[in-house]
Amino acid sequence: QGVAHVTLGDRALTLGAGEHCDIALGQIHRLANRGEHMLEVVEIQFGNELREDDIVRLQDDYGRQ
């Protein structure tokens, strides 16, 4: 639900409910909810190794490490 504003490298996408984008391994990306309504995102990872400890944050508006 909601509208996702996604930046993939130099491309900007606006995705509504039921739409998707593929983010390649190592691709710089950003996700934003600029709307008034709640944004619900389903993230699906696949591959031989699925980890969260390899995330490199280039910019973070929320102070996460």
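Residues are numbered from 1 along each chain as its sequence is written. In this predicted model, local features need pLDDT of at least 70, side-chain atom pairs count only at pLDDT 80 or more, totals for chains, interfaces and linings use all residues, and side-chain values use heavy atoms, without hydrogens and water.

**View 1. The largest nonpolar core.** Five residues make up this core: A4, V6, L8, L15 and L39. A nonpolar core is a set of buried (under 20% relative accessible area, 1.4 Å probe, protein chains only) Ala, Val, Leu, Ile, Met, Phe, Trp, Tyr and Cys residues joined through side-chain atoms within 4.5 Å. Strand β1 (residues 4-8) gives the most to the core, with three residues; strands are DSSP runs of E, at least two residues, numbered from the N terminus.

**View 2. The hairpin of β1 and β2.** Here β1 meets strand β2 (residues 11-15), running antiparallel and joined by five bridges; strands pair if DSSP finds at least two bridges between them. Two residues sit between the strands, and G9 takes a positive phi near 60 degrees.

**View 3. H5 and its surroundings.** H5 belongs to strand β1, and its bridge partner in β2 is T14. With a relative accessible area of 18%, H5 is buried. Leaving aside neighbours within four places in sequence, H5 is in contact (heavy atoms within 4.5 Å) with L13, T14, R30, L31, A32 and R34.

**View 4. I28 in its loop.** Look for I28 in the loop between β2 and β3 (29-32). I28 counts as exposed (over 50% relative accessible area) because its relative accessibility is 55%.

Methods. Helix = DSSP H or I, 4+ residues; strand = E, 2+ residues; numbered from the N terminus.
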